[in-house]
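Biologist: Please take a close look at a single part of this model. Start with one residue, then move on to what lies around that part.

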Amino acid sequence: MTSEAIVFWAAGIFSVIGAFMTITRRHPVASVMWLVLTFLGMAAIFVGMEAYFVAVIQVLVYAGAVMVLFLFVIMLLDLKADAVFKVGGPVLQVTAVAAGVALFIGLGLVVRAATNYGAPPIVPPLAADQSQVQLIARLIFTKYLLPFEVTSVLLLAAIVG
């Protein structure tokens, strides 16, 4: 196994553990700190893919600014560690399990299709006079403008919620 594969698997394991711990912690500050570990693991994966700009943005924007904003909102709400969060009844629990199973099946179908047919190239190759930052900016503000804006609205809704 190469050193790149070892770094990839270690960062992937840290990211999955961090994501799992984020959704299972009862205290919101602990969840945010585990989410920071998840973001750092994702940044390590981006470095392994030689996407240095995206890795730096991952650390600066998400692990830095967004997490500080989340912590600010949590502290502003003054949530107590003793607060018990009551989840809905059995209907909500059955719906959540069904949604999780559907998501798992959907992800399995995507992985199967990608392995059978090969993943299509998402990013065009760089031109001789073009940097990675220019390519990302061009893609974000042309082809991926709608998903970019939807993500910003979802982040805003999460903060307000």
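Modeller: Thr22 is buried, with a relative accessible area of 16%. Buried means under 20% relative accessible area, exposed over 50%, and partly exposed in between (1.4 Å probe, protein chains only). This is a predicted model: local features need pLDDT of at least 70, side-chain atom pairs count only at pLDDT 80 or more, and totals for chains, interfaces and linings use all residues. Residues are numbered from 1 along each chain as its sequence is written, and side-chain values use heavy atoms, with hydrogens and water left out.

Thr22 sits in helix 1 (residues 3–24). Helices here are DSSP runs (H or I, at least four residues), numbered from the N terminus. Leaving aside neighbours within four places in sequence, Thr22 contacts Ser31, Trp34, Leu35 and Thr38. Contact means heavy atoms within 4.5 Å. A polar atom of the Thr22 side chain lies 3.2 Å from the backbone nitrogen of Leu35.

Leu35 also belongs to the largest nonpolar core, which has nine residues in all. Such a core is a set of buried Ala, Val, Leu, Ile, Met, Phe, Trp, Tyr and Cys residues joined through side-chain atoms within 4.5 Å. Helix 2 (28–48) and helix 3 (52–77) each give two or more residues to this core. Helix 3 gives the largest share, five residues. Not counting residues up to four places away in sequence, Met67 touches Val32, Leu35, Val36, Phe39 and Tyr62.

How values were computed: Polar contact = N/O pair within 3.5 Å; in protein donor to acceptor, adjacent residues only side chain to side chain.
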